[in-house]
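Subject: Structure handover

Hello,

Here is the structure you will be working with. Please open it next to this email and follow along.

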Amino acid sequence: MEIFLIMVISWFVLGLIIFCLFLFKWNEIRYNKKGLPPGSMGWPFFGETNEFLKQGPEFMKTQRTRYGKVFKSHILGSPTIISMDPELNRYILLNEAKGLIPGYPQSMLDILGTNNIAAVYGSNHKYIRNNLLSLIGIPLIKDQLMSRIDKYIRIHLSNWDGMNIDIQEKTMDMVFYVAFKQIAEAESNSVYNSFKCEFDKLLTGSLSLPINIPGTNYYQGFKGRKNIIKILTELIEKRRASPVIYDDMLDHMLNDAETKNTLNDVEIIDQIIAILYSGYETVSTTSMMAVKYLHDHQEALQELRGEHFAIRKRKTAEEPLDWDDYKSMRFTQRVVFETLRLASVVNGVLRKTTKDMKLNGFLVPKGWRIYVYTREINYDPILYQEPLKFNPWRWQDRNLESHNYCFLFGGGSRLCPGKELGIITLSIFLHYFVTTYRWEEIGGEVILQFPRVEAPNGYHINVMKV
Ligand code: HEM
């Protein structure tokens, strides 16, 4: 009897091992094609997502050691080619027309809208992007946006003296508030608050599994999107019925639509969502990380303060910053670039193939994702000496910003159209922050850098007037 029981258990364990081995091999069998790069595909459905999210950059380095700079994996629900090859990354970013289109997750595209700039390509992309550039390009920044950014950052920072604040939360609020005011300046606080509440839902839903049943983030995200469409549609109708000229982004979009028949209402709504979505996390986390690095590097803080006090000296207390002031903020821009590099605010971008193609001699099947992983380039000791050191002075060498592998703002036809606007917002924030306040860390903060830069429990500082 005992022997029989042992045999049954042994068979059961053996069966389980064979089943697990089969499961483990399932993705390898399913995605087996001749010519693919080396790599492992992990478990069915989940692939290697868990290892990717948990180990982050270490996972990438391990796989690169095993398989080389270009390898295959299965992450975030898709078979994916990961490229850590700077030359190939550049090729991919510069050759969208050859069938290398944006490959962001379906949940994101569903919730951000079918006219969203990340969802379109070819001539549609050109049309949406040109419209966007006419709204956030340098001429409008100089004439209108800069004074508005100045005004609302000043208001946001006005009463922090003596307070313990979570600078992560504050910079997120600031960036969203400033962006909203550029789009629809005259709207009341109550419109702003309900819009922000719905936008937060949309944001969470855009990075979720696409399961559309009540209770899921995806479902909430869709609800957020629906309500945002409702708020914006009402706003558009109100604007059309009013003779008042508001001179903000919404006004520009509506007037363009009337005169040049540019964007229709659905496209205008998706454009507004794109502006708010794309600049939100990037600018707020860069602001937070700049505060962190400046706190830890007093020499850099001193030089930055010097630059900004010199500007303040030329101006009266209430006088806003102008384009010439911004252009004179040389060291500030170096701080921004060094922060973006060292924190790796953007780890990489996603692309998708529209047909089977060969890259670096490997097959990339139609529909597979490509993760253009740019993070490692930020720490390349040949490009950046002592790459783990916060050293804004390194950016004095202008070639550093324009070298072929500087992907801090992406590249090719998707190069960030909000680059100047983002740098200006960061520069104005730093101007008022360092000329008004000094600060100390309260301590205990944890700042994660992968898969995104965030302080899960906040980054708390005590702020005092200088
Ligand atoms: C520090 C700030 C910023 C960083 C680091 C950053 C980074 C990037 C990167 C890496 C891309 C390329 C994405 C890709 O190739 O798929 C991108 C695209 C984009 N960014 Fe930014 N960005 C910043 C600020 C902003 C701001 C303030 C806006 C405001 C409108 C903005 C709007 C966009 C848009 C709409 C795209 C998509 C462009 C296209 O598909 O043609 N970004 N950004």
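First, a definition: two residues are in contact if their C-beta atoms, placed from the backbone, lie within 7 Å. Helices (H or I, at least four residues) and strands (E, at least two) are DSSP runs, numbered from the N terminus.

This is a predicted model, where local features need pLDDT of at least 70, side-chain atom pairs count only at pLDDT 80 or more, and totals for chains, interfaces and linings use all residues. Residues are numbered from 1 along each chain as its sequence is written.

**Helix 10 and helix 12**

Ile228, Ile229, Leu232 and Ile236 of helix 10 touch helix 12 at Asp265, Ile268, Ile269, Ile272 and Ile273. By class, this contact of helix 10 with helix 12 has eight nonpolar, no polar and one charged residues. Here Ala, Val, Leu, Ile, Met, Phe, Trp, Tyr, Cys and Pro count as nonpolar, Asp, Glu, Lys and Arg as charged, and the others, Gly among them, as polar.

Helix 10 covers residues 217-241 and packs on helix 12 at about 120°, with the axes 10 Å apart. That makes helix 10 oblique to helix 12. Axes are lines fitted to C-alpha atoms, for helices over the stretch in contact, and angles run from 0 to 180 degrees between N-to-C directions. Under 35 degrees counts as roughly parallel, over 145 as roughly antiparallel, 65 to 115 as roughly perpendicular and the rest as oblique.

**The ligand**

How many residues surround the ligand? There are 26, and the closest are Ser278, Gly279, Gly410, Cys416 and Gly418. A residue counts as near if its C-beta atom, placed from the backbone, lies within 6 Å of the molecule. Helix 6 (123-136), helix 12 (265-296) and helix 17 (419-436) each supply at least two residues of this shell. Helix 12 gives the most, with seven. By class, the shell has 17 nonpolar, seven polar and two charged residues.

**Helix 13 and helix 17**

Helix 13 (residues 298-313) packs on helix 17 at about 100°, with the axes 9 Å apart. That makes helix 13 roughly perpendicular to helix 17. Helix 13 brings Leu301, Leu304, Arg305, His308, Phe309 and Arg312 to the contact, and helix 17 brings Leu430, His431, Val434 and Thr435. By class, the contact has five nonpolar, three polar and two charged residues.

Five strands form an open, mixed sheet in the order 1-2-8-5-3. Strand 1 (70-75) and strand 3 (100-102) are at the edges with a single partner strand each, so one side of each has no neighbour in the sheet. Two strands pair if DSSP finds at least two bridges between them. Strand 1 and strand 2 (residues 78-83) are antiparallel over six bridges. Val70 has Ser83 in strand 2 as its bridge partner.

Three strands form an open antiparallel sheet in the order 4-10-9. Its edge strands are strand 4 (163-166) and strand 9, each pairing on one side only. Four bridges join strand 4 to strand 10. Helix 8 (residues 167-183) lies across strand 4 and strand 10, at about 70° to strand 4.

**Two backbone details**

Most residues other than glycine have a negative phi, and most peptide bonds are trans. Asn360 has a positive phi of about 50° although it is not a glycine. The peptide bond from Phe450 to Pro451 is cis, with omega near 0°.

Best wishes
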